[in-house]
Amino acid sequence: MHLLYPCQFFDKIIENIQYSKPDSVIYISKLIIDLAEIKKDSISIAQAWNSIGRSYYIKGNYSESKIFYERASKYFIRHQQNYYAMLG
């Protein structure tokens, strides 16, 4: 199985436990961020920050959720800018 991003294999795990074990998703997502930073994989970092934000939202901690959603947004924007720069 070829993965576009190194951390994609965690996507299904996170999807399956997002609502039942949000604390586990936060833990796994932080591990993904550590790995993705080594690989300089900004899209996996963004997805992991987004998963953390969603987990805090599910737990009802909306202010904490907003912080992580904003962090994810910065990585998604950066990734999009890099993509368009490569096209030009």
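Here two colleagues talk through a predicted model and the reasons behind some of its labels.

Colleague: Which residues does S65 touch, not counting residues up to four places away in sequence?

Modeller: S65 touches G53, Y56 and Y57.

Colleague: Now the charged pairs. What makes D23 and K59 a salt bridge?

Modeller: Their side chains meet at 2.4 Å, N to O. The cut-off is 4 Å between a side-chain nitrogen of Lys or Arg and a carboxyl oxygen of Asp or Glu, so the pair qualifies. The bridge links distant parts of the chain: D23 sits in helix α2, while K59 is in the loop between α3 and α4, 36 residues apart.

Colleague: Why is K59 called partly exposed?

Modeller: K59 has a relative accessible area of 40%. Partly exposed runs between the 20% limit for buried and the 50% limit for exposed, so K59 belongs there.

Colleague: The structure holds 2 salt bridges. What makes E70 and K66 a salt bridge?

Modeller: Here the N to O distance is 3.4 Å, and the limit is 4 Å, so this pair counts too. E70 and K66 both lie in helix α4, 4 residues apart, about one turn of the helix. An α-helix has 3.6 residues a turn, so residues three or four places apart point the same way.

Colleague: And is E70 buried, exposed or partly exposed?

Modeller: Partly exposed, because its relative accessibility is 39%, a value between 20% and 50%.

Colleague: Let's turn to α2, residues 22-39. How do you know what span to expect for this helix?

Modeller: The expected span is 1.5 Å times one less than the number of residues. With 18 residues, α2 is expected to span 26 Å, and from first C-alpha to last it reaches 25 Å, close to that value. Just after α2, K40 takes a positive phi of about 55 degrees.

Colleague: What do the buried residues of α2 pack against?

Modeller: They pack against α1 and α3. Among these buried residues are I26, S29 and I33. Leaving aside its neighbours within four places in sequence, I52 is in contact with I26, S29, K30, I33 and F68.

Colleague: Which residues touch the most other members of the largest nonpolar core?

Modeller: W49 and I52, out of 17 residues in that core. Helices α1, α2, α3 and α4 each supply at least two of its residues.

Note on methods. Residues numbered from 1 in each chain as written. Predicted model: local features only at pLDDT ≥ 70, side-chain atom pairs only at ≥ 80, totals over all residues. Heavy atoms only, no water. Buried < 20%, exposed > 50% of the residue type's maximum accessible area, 1.4 Å probe, protein only. Contact = heavy atoms within 4.5 Å. Core = buried A, V, L, I, M, F, W, Y, C linked by side-chain atoms within 4.5 Å.
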